[in-house]
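My notes below follow the order in which I looked things up.

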Amino acid sequence: MRIWQKITHLSLVAVVATSLFAWAPNAHADDSTSVQPQRIILVIADGMGFPYLTAYRYFKDGRNFTHASDISPTIFDNYLVGAASTYPADDTLVTDSAASATALATGIKTYNGAISVDADGNPLKTMMQIGRENGWLTGAIATTRVTHATPAAFYTHVPSRRMEDEIADQYATLDENGQPIFDLLLGSGRKHFVRTDEDGTEINHLTTLTDAGVRIVETYEELHAQQRLPVLGLFFDDAFPYVIDDEMRLEQLSRHGLRLFDNTDQPYVVMIEASMVDWCGHANDIACAMREMEELDHLMQFLEAYANENPGTQVLLTADHSTGGLTLGADGNYQWRAADVARIGRGLRTMAEDLTSMPFIDWEAYVEQYLPFPLTVDQQNALQTVAQDSGSRHRQRIQDVLIDIVRYHTSTGWTTGGHTGEDVPVIAIGPWSDRFRGFQDQTDIADIIINWLQ
């Protein structure tokens, strides 16, 4: 039985004050007589289970050694209030991003792969639709395609997350008043909005949206120049690059997105996804994941200051699931070498892609540049063997060798290239943080937010 029972949408929260997380030093006391928030910011760190919080704390400290009790907590530690279960409504107990995002967007569980539809394919009303009906502005910001599972579940309804063209079609469908269904939508995935379908039909949803008054931006500088909503930002044709290979972007996207909301006199609800933690986890790439966590750290520090400066703001950070089965201390080694993780200079998938098109004579210098570890004879032989390989899995085989090299030198372990089913963190900043204290299911989080929106 859950600690929190769903009685109705209007009577949801009777929180046990003596929960295991009662020690959280910066949690704001909940005043049941206070007004509800007028700025609701839901941050979803895709794939970020509890091991990522631990790893990032050590990574941020940056050493391979410690003195007694001298590692400082991170912003995630300071505002940790609880944990959430994430299981879907099927026979797996391990969710994918679509089912999990649906649960967070609607308060109702569904099957893996579903985008805000129930088991029979019927649309489920999302918090963004409910907010819009009640006078709230709505938005989504992601470091992936806006047609990807998490942002899509807050606005669209399809039986399969693979239907990204159809998701783009729904984003571009105007409401009964001829208005866009979103006020702010920032991410990537332009290829799904401007495309040629299999039957030869030319699709350009950007024209439709522009005609409806949506301002389309394709660079960060264009976003900075905007003063009014609605805005659609598509900064890459397909996916964002990894932070480790490019630059941080989530804090600036969020800063300017919230600025646009604040230029109005309406309350707003926005979902911000740190999308690529998950992608790094799937790639079993610890340095990649830590750089994405660093970007999330920057975002949360900005949101902490923003919440303090803007009364009536509630910030909530959670994850949709964990990815990769990350462990600190692989192969029986009682160590995890955080400083060596920090020395890695490029994503392993990116390195593998580069190596596939590079003559083997250049491999040694390239690998040494981005993985500055002394390679063992076995590791050198493994690289030479995989260089002679060919076929459709050539890139993946190179990447597997690179993963093994990083595992050996940092003692980072992974159990899978997929998702795992453990509970995820719940981190809250704002006067209503106690509403999320202790254990809950992710649908409870959605129910609280939806209750505010109603």
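**Entry: the model**
I am working from a predicted model.

**Entry: α14 against α17**
I started with two helices, α14 at residues 348–356 and α17 at residues 394–410. I looked up how they pack. The angle is about 130°. Their axes lie 8 Å apart. I asked which class that angle falls in. For handedness, I noted that the crossing of α14 and α17 is right-handed.

Next I listed the residues that meet. From α14 I have Leu 348, Arg 349, Met 351, Ala 352, Glu 353, Leu 355 and Thr 356. From α17 I have His 394, Arg 395, Ile 398, Gln 399, Leu 402, Ile 403 and Val 406.

**Entry: burial in α14**
Which residues of α14 are buried? I found Leu 348, Thr 350, Met 351, Ala 352 and Leu 355. I then checked what covers these buried residues. The cover includes α15, at 363–370, and α17.

**Entry: disulfide**
How many disulfides does a search of the whole structure find? I got one. The partners are Cys 280 and Cys 288. Their sulfur atoms sit 2.0 Å apart. I read the torsion about the S-S bond as about -50°, so I recorded the disulfide as left-handed.

Are the two cysteines buried or exposed? Cys 280 has a relative accessible area of 0%, so I marked Cys 280 as buried. Cys 288 has 1%, and I marked Cys 288 as buried too. The cut-off I used for buried is under 20% relative accessible area.

**Entry: cis peptide**
I looked at the peptide bond from Leu 229 to Pro 230. It is cis, with omega near 0°. I placed Pro 230 in the loop between α9 (220–225) and β8 (231–234).

**Entry: positive phi, two serines**
I noted Ser 69 for its phi, near 50°, a positive value in a residue other than glycine. Ser 69 sits in the loop between α1 (50–61) and α2 (75–78). Its relative accessible area is 80%, so I wrote down Ser 69 as exposed.

I then turned to Ser 116. Its phi is positive as well, about 50°, and Ser 116 is not a glycine. I found Ser 116 in the loop between α3 (97–106) and α4 (127–133). Is Ser 116 buried or exposed? At 0% relative accessibility, Ser 116 counts as buried.

**Entry: Gln 179**
My last stop was Gln 179. I located Gln 179 in the loop between α6 (164–171) and β4 (184–188). Its relative accessibility is 37%, so I logged Gln 179 as partly exposed. What does Gln 179 touch, not counting residues up to four places away in sequence? I found Arg 132 and Leu 174. I also took a distance to Met 127. Gln 179 and Met 127 are 52 residues apart in sequence. In space they are 18 Å apart, C-alpha to C-alpha.

Key
Residues numbered from 1 in each chain as written. Predicted model: local features only at pLDDT ≥ 70, side-chain atom pairs only at ≥ 80, totals over all residues. Heavy atoms only, no water. Axes fitted to C-alpha atoms, helices over the stretch in contact; angles between N-to-C directions. Helix = DSSP H or I, 4+ residues; strand = E, 2+ residues; numbered from the N terminus. Left-handed = near helix turned anticlockwise from the far one by under 90°. Contact = heavy atoms within 4.5 Å. Disulfide = S-S within 2.5 Å. Buried < 20%, exposed > 50% of the residue type's maximum accessible area, 1.4 Å probe, protein only.
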